[in-house]
Every structure is written in C-alpha cells, then in structure tokens.
Amino acid sequence: MGAKAGRRLDDLLTRLGVPHNVKIYPGAGHGFMNDHAPADLTLMLRVLGRLPGTRYDQAATADARRRIVTFFRDHLR
C-alpha cells in the first residue's frame with residue numbers, strides 16, 4: 001500500500017470526520033508487524049518475506065501495537 005495510500009486514507013478519514021490514527025513509519029514496509037518463525041510460513045510467504053518492504057520492524061511494531069490498543073480502548077466501548 002505504501003506511504004502514499006496512508007496519506008490518502010488519513011486525508012479521507014479527516015474529511016469525513018472519522019476518528020482515526022494513521023501513522024507512516026519511514027523505512028517500514030507493509031509487513032512490518034510480521035514476526036513469524038520460518039517454520040510457520042508457507043513457501044510463498046518465505047519467498048515474499050525476502051522482498052524489500054516486507055521485513056519485520058521491532059520499533060515500528062512496538063509503537064503501532066501501543067497505538068492500536070490505545071485507539072481501541074478510547075473508541076470501542
């Protein structure tokens with residue numbers, strides 16, 4: 001999806017007045033939260049995991065998980 005799609009989504013949700021929390025992590029690709037043991041992956045996912053933009057990013061994942069939990073706590077009651 002990339003940063004451009006993230007910016008478009010943020011703009012759209014803002015215009016529509018929908019509560020949201022979109023953040024783009026520079027250097028982190030689409031699969032930045034995917035931290036799976038190789039034995040748990042199909043051959044296709046192992047191949048895709050070698051492509052740029054699909055690597056796990058520990059710092060971005062920690063921040064994203066914290067923000068997701070906070071957003072859900074604040075908006076899903």
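Contact here means heavy atoms within 4.5 Å.

## Basis of the model

This is a predicted model, in which local features need pLDDT of at least 70, side-chain atom pairs count only at pLDDT 80 or more, and totals for chains, interfaces and linings use all residues. Residues are numbered from 1 along each chain as its sequence is written, and side-chain values use heavy atoms, with hydrogens and water left out.

## Overall form

The protein chain has three helices and zero strands, in the order α-α-α from the N terminus. Helices (H or I, at least four residues) and strands (E, at least two) are DSSP runs, numbered from the N terminus.

The radius of gyration of the protein chain is 15 Å, whereas a compact globule of 77 residues would have one near 11 Å. This radius is taken over C-alpha atoms, and the globule rule is 2.2 Å times the number of residues to the power 0.38. Along the principal axes, the C-alpha atoms fill a box of roughly 40 × 30 × 20 Å.

## Surface and contacts

The protein chain has an accessible surface of about 6300 Å², and carbon and sulfur atoms hold 60% of that surface. Accessible areas come from the Shrake-Rupley method with a 1.4 Å probe; for residues, only the protein chains shown count as cover. Of the 77 residues, 17% count as buried. Buried means under 20% relative accessible area, exposed over 50%, and partly exposed in between (1.4 Å probe, protein chains only).

Among contacts in the protein chain with a separation of 6 or more, 56% are between residues 24 or more positions apart.

## Lys23

Lys23 lies in the loop between helix H1 (2-16) and helix H2 (43-48). Lys23 is partly exposed, as its relative accessible area is 44%. Apart from neighbours within four places in sequence, Lys23 contacts Asp63 and Arg67.

The side chains of Lys23 and Asp63 are joined by a polar contact of 3.1 Å. Such a contact is a pair of N or O atoms within 3.5 Å; within protein, one must be able to donate a hydrogen and the other to accept it, and residues adjacent in sequence count only if both atoms are side-chain atoms. Lys23 and Ala60 are 37 residues apart in sequence, and their C-alpha atoms are 9.9 Å apart in space.

## The aromatic pair

Rings of Phe, Tyr and Trp (its six-membered ring) pair if their centres lie within 6.5 Å; planes under 30 degrees apart count as stacked, over 60 as edge-to-face and the rest as tilted. This rule gives a count of one aromatic pair. Tyr25 and Phe32 form a tilted pair, with 5.3 Å centre to centre and 45° between the planes. Tyr25 is buried because its relative accessible area is 12%, and Phe32 is buried because its relative accessible area is 14%.
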